[in-house]
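Here is a short briefing to read alongside the model.

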Amino acid sequence: MQGMTNDFTESLLKFCLLLLYAVCAVVMSACGPAEYKTGQECCPMCVTGYFVKRDCTEFRSTSCLPCPNSTYTDVPNGLSKCFSCSVCDSSVLLKVKRACSSISDTLCEPLEGHYCTDPIQDGCRGAVEHTKCSPGQYINQTGTAYTDAVCAECVGDTYSNGSFASCRPHTRCESLGQYTGKPGTHTEDTYCENRRRHHMLLLAVLPLACASLVVLVVRRKP
Ligand SMILES: *[C@@H]1O[C@H](CO)[C@@H](O)[C@H](O)[C@H]1NC(C)=O
């Protein structure tokens, strides 16, 4: 019983020593939070918007330079060059939301009439066009930069050409003092016509035509 306890204590002690050794090794080889490692040395990092031109030595600190145009670093770093700014390409249906600066990458957003299918943080990496509603449907929910449009069907005596925000009631020709030429559908409004005018025209033309005919017939006679 005594031997077993001793064995256990000894194992525990060994484990603790190993752990201590491991922790010491990590701590001694690791650099501070604002430092980066180069060979065996720890050098102070360059601040955001800068990159390392020359590592530090025993005698002088790290030498840093600002990121050139169209490049950036958005964290303190030990990088030998800055990251390239992303491009918001109209060929992938994106435009610039916020231009690139030395301390932050470009942010892109969908072109007008498109919505984002690949969002990242505040930006977007890919977009597609909003669904186009068909004739007979109205736009129930307008598409946004992050949601597609939602279409819904016209019902009853209403119509929409697919671009209306709601279906419009068919014109009632009677209320205009006119006649229904073609009844409305869900895609088209009623076609009204003023038949009275057609009758008037006919009344004016018919006697003229008759008169012309009579004149012709009379002239033909020898
Ligand atoms: C629908 O009608 C409106 C005017 O009422 C017009 O501006 C639009 O271009 C039409 N849309 C389609 C898809 O025909």
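Cys116 and Cys124 form a disulfide, with their sulfur atoms 2.0 Å apart; a disulfide here is a pair of cysteine sulfur atoms within 2.5 Å. This is a predicted model, where local features need pLDDT of at least 70, side-chain atom pairs count only at pLDDT 80 or more, and totals for chains, interfaces and linings use all residues. Residues are numbered from 1 along each chain as its sequence is written, and side-chain values use heavy atoms, leaving out hydrogens and water.

**Disulfides**
- The structure holds 10 disulfides.
- The torsion about the S-S bond of Cys116 and Cys124 is about 105 degrees, so this disulfide is right-handed.
- Cys116 is buried, at 6% relative accessible area, and Cys124 is buried at 3% (buried means under 20%, exposed over 50%, partly exposed in between, with a 1.4 Å probe and protein chains only).
- Cys43 and Cys56 also form a disulfide, and its torsion of about -90 degrees makes it left-handed.
- Cys43 counts as buried at 0% relative accessibility, as does Cys56 at 13%.

**Nonpolar cores**
- The largest nonpolar core has six residues: Cys88, Leu94, Cys108, Cys116, Cys124 and Ala127.
- Such a core is a set of buried Ala, Val, Leu, Ile, Met, Phe, Trp, Tyr and Cys residues joined through side-chain atoms within 4.5 Å.
- A second, separate core of five residues includes Tyr36, Cys46, Val52 and Cys56.
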